[in-house]
Amino acid sequence: MNILESLIHIQLHDWLDIAILSFAIYHLILILQGTRTVRILMGLLLVGLFYYLSIKFHLNGIFWVLQSIFQSIVLVIIVLFQPEFRTALERVRLPYLRAQTKSLDKHKDFSKQLSSLLTHLSSQYIGGLIVLQQHTGLKEYYASGTKIMAEFSLPLCSAIFQKESPLHDGAIIITNQNTIAYASCILPLSTQIDLPKHYGTRHRAALGLSQEADAIILVVSEERGSISLVYRDHIYDNLTASEIEDKLLSLFTG
């Protein structure tokens with residue numbers, strides 16, 4: 001009866017408070033799902049358990065060490081979860097704040113060119129890794145690559161990914177102005193352990209970058225000849241030419 005009485009006395013602003021909090025927690029779980037964050041949180045919970053046990057059983061040495069850690073826990077969390085914070089903030093940006101610098105015709109043309117390039121690489125079983133920069137800057141990955149700074153073209157990209165080319169390993173990064181900025185760039189590998197066995201280093205690198213930035217990453221498997229699109233920690237695998245065009249155009253236009 002006490003529970004029913006409590007529910008009756010909950011006011012409108014209390015329900016609003018609960019709804020907003022539930023919405024935030026739900027979307028936070030979606031963002032963290034399948035990422036390294038879950039494992040880090042489990043580690044922090046384990047540290048918290050040891051802290052509790054050190055107090056309960058008067059383990060002064062362990063208590064002193066863990067207390068020192070918890071005094072700077074805010075800084076530790078910011079350092080550990082910096083990529084996740086950045087991704088979360090980018091996801092909640094209002095749509096009208098997203099810059100639309102290219103016309104629909106240019107988006108369609110670029111999507112078609114990329115589809116043709118990927119189809120060509122796939123038919124020849126030539127591996128490829130292409131990063132399409134969006135809002136998040138990728139300069140931190142330029143240092144590992146070779147500067148190109150050339151306008152996007154099918155012959156140039158095809159030449160870069162040829163097995164005889166010294167630049168075929170790694171990724172090419174294309175800016176949002178359709179410029180091939182750098183080639184042979186090394187991307188961060190995802191530490192996710194439940195990936196299918198047929199995903200190689202290229203897929204793991206694409207997934208790793210998608211967990212840190214809002215870039216669109218295209219992958220051509222050298223072994224299977226399959227084409228994948230990776231975005232926001234999700235892999236769209238075995239895409240056809242038309243599916244690639246549609247998905248790219250959808251992402252380009254928001």
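In this predicted model, an open sheet is built from 7 strands, and reading across it gives the order β2-β4-β3-β1-β5-β6-β7. The pairing between the strands is mixed. At the edges sit β2 (146–151) and β7 (234–236); each has just a single partner strand, so one side of each is left without a neighbour in the sheet.

Strand β6, which covers residues 227–231, is joined to β7 by 3 bridges, and the two run antiparallel. Within this pair, tyrosine 231 faces histidine 234, the latter belonging to β7. Helix α9 (residues 201–210) packs on the sheet as well, where it touches β1 (128–132), β5 (216–220), β6 and β7. The direction of helix α9 makes about 175° with that of β5.

Is serine 226 buried or exposed? Its relative accessible area comes to 8%, and because buried means under 20%, serine 226 counts as buried. As for its surroundings, the side chain of serine 226 makes a polar contact of 3.1 Å with the side chain of arginine 224. Leaving aside residues up to four places away in sequence, serine 226 touches Ser122, Val219, Val220, Ser221, Asp237 and Asn238.

Technical notes:
Residues numbered from 1 in each chain as written. Predicted model: local features only at pLDDT ≥ 70, side-chain atom pairs only at ≥ 80, totals over all residues. Heavy atoms only, no water. Pairing = 2+ DSSP bridges. Helix = DSSP H or I, 4+ residues; strand = E, 2+ residues; numbered from the N terminus. Contact = heavy atoms within 4.5 Å. Axes fitted to C-alpha atoms, helices over the stretch in contact; angles between N-to-C directions. Buried < 20%, exposed > 50% of the residue type's maximum accessible area, 1.4 Å probe, protein only. Polar contact = N/O pair within 3.5 Å; in protein donor to acceptor, adjacent residues only side chain to side chain.
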